[in-house]
Amino acid sequence: MTEVRPTPPGLPPLVLVDGLHIHSKCATCLPAKCCTYIAVQIDGPRRMEDFEDYLWFVAHEGVSLYVDGGRWYLQFETRCRKLGRNNLCSIYDNRPKVCVAYTPDNCDRDDPARYAREFRTYEELLAYARKRFPNFTTGGQRAAARRHKVATVRARRVVRPRRAPAGA
Ligand code: SF4
Ligand code: SF4
């Protein structure tokens with residue numbers, strides 16, 4: 001790997017790989033970590049009910065939530081279809097703005113656990129929801145409680161003795 005171009009201060013040098021000028025740090029990042037997920041900003045949970053949807057999100061494989069700078073993000077682990085087998089972007093000169101803006105001076109490779117909070121599993125988020133709202137219950141728990149209540153009322157009806165008819 002030979003350095004072929006100077007770069008602005010703070011950025012790794014550019015090297016030529018398969019005809020593309022990429023940063024030397026990226027040339028050794030396999031697979032290119034920043035090209036294997038997408039993240040979209042969402043509203044943070046304010047009410048107890050908000051956690052219901054978020055729990056549903058993180059119950060899915062490859063879906064997680066994280067908080068960065070006070071903002072909440074929904075993240076999907078999914079390899080970009082434009083990331084070639086050689087670990088290079090196959091549409092480099094036509095890539096989206098968000099990819100152009102992302103630089104290796106402070107990137108995912110440096111500190112994978114850099115978020116203030118991260119919820120990768122249902123259990124992690126449920127524990128957090130219960131910490132925020134101690135009386136938090138899931139939809140499933142509430143439905144089970146309702147079933148139990150109905151079953152108890154029916155059982156009471158069955159065992160209640162009938163009144164003897166008047167004059168008997
Ligand atoms: S910017 Fe960082 S995470 Fe992305 S390919 Fe380069 S070194 Fe890897
Ligand atoms: S378009 Fe290219 S740079 Fe952007 S995520 Fe996909 S492979 Fe990476």
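Biologist: What makes strand β2 and strand β3 a pair?
Modeller: Strand β2 (residues 14-17) and strand β3 (residues 20-23) share four bridges in the antiparallel sense. Pairing requires at least two bridges found by DSSP, so β2 and β3 qualify. V15 stands opposite I22 in β3. This is a predicted model, where local features need pLDDT of at least 70, side-chain atom pairs count only at pLDDT 80 or more, and totals for chains, interfaces and linings use all residues. Residues are numbered from 1 along each chain as written, while chains are lettered from A and ligands numbered from 1 in written order.

Biologist: What lies between β2 and β3 in the hairpin?
Modeller: Two residues. D18 in the turn has a positive phi of about 50 degrees. Both strands are DSSP runs (E, at least two residues; helices are H or I, at least four), numbered from the N terminus.

Biologist: Why do β4 and β7 stand at the edges of the open sheet?
Modeller: The order is β4-β6-β5-β7, with antiparallel pairing. β4 (37-42) and β7 (117-119) each have a single partner strand, so one side of each lacks a neighbour in the sheet. The twist averages 20 degrees from one strand to the next.

Biologist: How do you know that β4 and β6 pair?
Modeller: Six bridges link β4 to strand β6 (residues 71-77). V40 has L74 as its bridge partner in β6.

Biologist: Which strands does α2 touch when packing on the sheet?
Modeller: β5 (63-68), β6 and β7. The direction of α2 makes about 125 degrees with that of β5. Such angles run from 0 to 180 degrees between N-to-C directions, with axes fitted to C-alpha atoms, for helices over the stretch in contact.

Biologist: Which residues make up the largest nonpolar core?
Modeller: Seven do: Y54, L55, V58, L65, F119, L125 and A129. Such a core joins buried Ala, Val, Leu, Ile, Met, Phe, Trp, Tyr and Cys through C-beta atoms within 7 Å; buried means 20 or more other C-beta atoms within 10 Å. α2 (50-58) and α4 (122-132) each give two or more residues. The largest share, three residues, comes from α2. Apart from it lies another core of five residues, including I22 and C35.

Biologist: Which residues are around ligand 2?
Modeller: C35, C80, K82, L83, C89, I91, R95 and C99. Each has its backbone-placed C-beta atom within 6 Å of the ligand.

Notes
A residue is buried if 20 or more other C-beta atoms lie within 10 Å of its own, exposed if 12 or fewer, and partly exposed in between; C-beta atoms are placed from the backbone. Two residues are in contact if their C-beta atoms, placed from the backbone, lie within 7 Å.
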